[in-house]
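User: I would like to learn how to read strand pairing in a model. Please take me through the general idea and then the case at hand.

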Amino acid sequence: MNGIIHALFGYLKIEVYGADLNRFLNLCASENILFWGHQRTSVDRMTLYLPVPAFYQMPRITRRACCRVHIVKRFGLPFLLHRIKPRVALLFGVFLFVFCAWASSLFLWEITISGPTAIPQERILHALAEHGVSQGAYTKSLNIDHIKNQMLLEMPDLIYLNINLHGSRAEVMVRDRTRPPNIVDETGFANIVASQGGVIERVVVYEGTPEVKKGDLVVPGQILANGYMTGRSGVTVPTRARADVYARTWDHTQAIFPLSVFERYKTGKERTRYTLIFGRSRIKIFEKGSIHDSECDKIIKRSRLVLPGGITLPILLERETASECRLEAADLAPISAIDLVANELQRKLSLVATDTLLDCRFTAEQSGGALMMKMTAECIKQIGVEQIPKGE
């Protein structure tokens, strides 16, 4: 606290030199003159700190102690103001900057969304903007509780939404609603039929009567389990068949890939551009290098200016690095093309979590500057689907 008071009213560092420095210190103590940090620099010299009013008592003390003093350095707000007093424009600029920084903290400049959600951020930001939560919004005018309730009513896919304001930054936390599982309709009549042909590997019937067994060859649309059940009493009743039927299947697909392709490579020329973004206004401040924008790779990095204390300014610094690229024709080796097409064909397989890929066989044929490739994928799939007979 004493340090703050001394800095506010100003204090001095002085050097005292004379034959009797101890007498000088005793006289200061007897006159209740405040000083601190005294340190001898030689036999007849020492330095110390004292407030500005105490310096005006030094002539009387130095005459009695046969010493002399001179000021080494001045500290504190009064001396700082004295130095910058002629610079009115600088004072005005500092005051204007502080005022603008304080005023910008009253407005919203950054919105972040976090939390487990499958809803696109653009949709959430658009909904927030409709309720006034957007860049440049006056934070004091936002009714956060009302906005949260309205957002949850308008977006039924969300079960939780919270908005935390941290100065000029809004943190939006969301969580998706967990939907209840679909209710299986166990009433009515239905059969289980094959969605595609194959060789039966395993049959698990929950409701109904199986029509196939392991090793049977089935075709698409064939009944795998009918919707009739016979009880112990011998009475047969209709029901809604439910079964998992796994079969060994063979899926065929093909693709054509050109052997003449265009490769993209960097020429080594780059351009770096710095831009200040204020709201919707853009001010280019620096650019180095020159390339054509028609064919180039761009990397854009934006950083928001933040003052100490977390005060966010409505100013973005954008750094854009562009690398010039060219396209050149190149002939692709058939071996490389086969690997690319094989990977692409495997990605096109429509397999679900319960399916198992056993083997893939490929045949390739080169014709007319292109590679035609066929794939046969051997899989274990669940092929049983429900079918309601017409008229039921």
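Analyst: Start with the terms: helices (H or I, at least four residues) and strands (E, at least two) are DSSP runs, numbered from the N terminus. Two strands pair if DSSP finds at least two bridges between them. This is a predicted model, in which local features need pLDDT of at least 70, side-chain atom pairs count only at pLDDT 80 or more, and totals for chains, interfaces and linings use all residues. Residues are numbered from 1 along each chain as its sequence is written, and side-chain values use heavy atoms, with hydrogens and water left out.

User: How many residues lie between β6 and β7 in their hairpin?

Analyst: Two residues separate β6 and β7. Gly 167, in the turn, has a positive phi of about 70°. Strand β6 (residues 158-166) pairs with β7 in the antiparallel sense over eight bridges, and Leu 158 stands opposite Asp 176 in β7.

User: Which way does β5 run relative to β7, parallel or antiparallel?

Analyst: β5 (residues 110-114) and β7 (residues 169-176) run parallel, joined by five bridges. Ile 113 has Val 172 in β7 as its bridge partner.

User: In what order do the five strands of the open sheet lie?

Analyst: The order is β11-β9-β15-β21-β20, with antiparallel pairing. At the edges are β11 (217-218) and β20 (356-367), each of which pairs on one side only. Between β20 and β21 (residues 370-382) there are 11 bridges; Thr 363 has Lys 374 in β21 as its bridge partner.

User: Which helix packs on that sheet?

Analyst: Contact means heavy atoms within 4.5 Å. Helix α9 (residues 334-347) packs there, touching β15 (242-258), β20 and β21.

Methods: Axes are lines fitted to C-alpha atoms, for helices over the stretch in contact, and angles run from 0 to 180 degrees between N-to-C directions.
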